[in-house]
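Hi,

Here is the structure I promised to pass on. Have a look first, and then read my notes below.

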Amino acid sequence: MTAFGGAEAPRNRLAVAGARATTAAMLRDQPRGDVVRNAIFAGLLLLAVLIALAGLLALLLQAFTKGSSVLGPDLVNNPPSTAFPDKAGYRPAIIGSLQLIAGVILFVVPVGVGAALYLEEYADKSRWWNTLIEVNIQNLAAVPSIIYGILGLAFIVRGPLDLGFILAAGSLTLALLVLPMVIIAAREAIRAVPDSIRQGSLALGATQWQTIRRQVLPAAIPGIATGVILAVSRALGETAPLLLVGATVFVTFDPTPFGTDGYSAMPVQIFNYAVRPQEEFQTLAFAGIIVMLVVLLAMNSFAIWLRNRYEQRW
Amino acid sequence: MLQAQNKRYGERAIKWLLALCALLSVLTTTAIIVSLIGPTVGFFEIVPAGEFFFGVDWTPQFEPPSFGVLGIVAGTLNVVLWSMLFAIPLGLATAVYLSEYASPRVRKTLKPILEVLVGVPTVAIGFFAVTFILPEIIVPLWPGELLGGAAGKPFMALAASLGIALMVVPIIASLSDDAMRAVPRGLHEGAYALGATKAKVATRVIFPAALSGIVASVVLAISRAVGETMIVLIAAGSTPNATFNPVESIQAMTAYIATTATGDIASGSLDYKSVFAVGAVLFAMTLIMNVISIRLVRRYREVYE
């Protein structure tokens, strides 16, 4: 017979109810002003959350109501056209964007993960140069994107690298822009792998690199993937730096990575349509925004799902 | 002593290769600074520094041109000031709600939504600002002829400000929420035990304890707002105007760079050099704010983590 069963039960329940009533009565003595103020404060907070969400909901709804009329195969299959806005589309811009982010991934994954591995697994934190690298990366993550555009123009398109206004130059510019994001995310993922894993591997005779490659990296992959996806989606949505490194022309053919005839990208094309006063072009801009939002929100949701799914497995 | 049988040159090579990757980030910063300095020095050989830093007329296309950078710095500050007026209260309130009031379930849906929304491209926000915020929100709500009135204007600073506010609220909310959640549970429990209400715990205990992280998030948001290009380019207009009036059309520093440096701008021209001079000012402004933000975050990490 348990303590709360049998004949004792009703009496116990009575005692609990009595205690609860007493406590509630005591707490009701809280100054009325406090109670009211508390409620008002909570209401204001909720209002702020709702305003922020409403703004973003309005953005989505507006794009869908104004742009959905031209959604269709023509939008992705046709090149832009100033003469026939009803037949104009995003084909070269979409192909350009895909090539741009392919280049970004090729550059950013090895370099970003490499830098993160160095900082987490090899660097001696007490050395000033390692602190310098760390602070430098944090600062780079917050340097305005247009400054990367200037860097691309003066250093990659002209100057030392002298690539000219080609798609690969735009890709490299975007890669430098998102590299700090990847490094920071990869470092966090690597740091989350417990030390016991490393020590176990080293104790079994593995070298440091074997430990990293066979134990640390596989365990950190979900976190690294999240960072890479978020970085790629940032690169995909960036417009300003591309304006400076050549993606400005009204391109009507499919761009190539090293072609010198110019290239375009999705957000640049949207910008191009958006600043034209005619209604047809504005509709096209909204349709382009729908396409981008669907792709970006899907990518970001997947990245965040990935992170939440695999976080804290230890 | 246990020792490796051979020297393991491969292991060392890998270490240096990885160090090279990390060094590339330092090289990026160096490259940014080097590419800004050259043309900027060339710019100051033609335009006196006094005229640049203290002049308020930014009219590079006039004859003779005038390069008073305050004309476009004011444009940037105008937009940033008004955007923060909305973004800071909204962002902080959202953060307090998330960390102190929201149930775990609400939090688990709300925070990812906010994080996803950080990814909305700014070209979309800029277009939204000029096609919805301006005609549907600012014009109907603006009180009559105040400050010259809002009706009939195709571009204005306030439209860009509200767009930027939309962009940075998730940043402030998410980072401040992290800072407030880093405050140890003991502080909550102590305050509740002393009979404080939820509002008092949030505002008098947790908020001050997380202040350095909260300030860091706000500084980072300001830095983002200063550097934002597409929203001001699309919504704020292109008329340099040293004013803090929110319903005027202005030109921000980033918008000047983006409109001037497009296409095949002649490499040695004064316009080309002016882009770098403005870029250098922009870089210096954001650098100062980023360093402040990084130091503040380090401080709260040291205290609580």
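What share of the contacts in chain B with a separation of 6 or more comes from residues 24 or more positions apart? The figure is 76%. Keep in mind that this is a predicted model.

You'll find twelve helices and two strands in chain B. Going along the sequence, the order is α-α-β-β-α-α-α-α-α-α-α-α-α-α.

Next, the domains. Chain B splits into domain 1, covering 9–46, and domain 2, covering 53–304. Their C-alpha centres are 29 Å apart. Where the two meet, seven residues of domain 1 of chain B contact nine residues of domain 2 of chain B. On the domain 1 side, that contact is made up of five nonpolar and two polar residues, with no charged ones.

Now for the core. The largest nonpolar core has 205 residues, and the members touching the most others are Ala129(B), Ala159(B), Ile172(B) and Ala236(B). Helix α3 of chain B (residues 70–101) is the top contributor to this core, with 18 residues.

Leaving aside residues up to four places away in sequence, Ala129(B) touches Leu134(B), Ala159(B), Ala160(B), Leu162(B), Gly163(B), Ile231(B), Ile234(B) and Ala235(B).

Cheers

How values were computed: Residues numbered from 1 in each chain as written. Chains lettered and ligands numbered in written order. Predicted model: local features only at pLDDT ≥ 70, side-chain atom pairs only at ≥ 80, totals over all residues. Core = buried A, V, L, I, M, F, W, Y, C linked by C-beta atoms within 7 Å. Buried ≥ 20, exposed ≤ 12 C-beta atoms within 10 Å, placed from the backbone. Helix = DSSP H or I, 4+ residues; strand = E, 2+ residues; numbered from the N terminus. Domains from an automatic or database assignment. Nonpolar A, V, L, I, M, F, W, Y, C, P; charged D, E, K, R; others polar.
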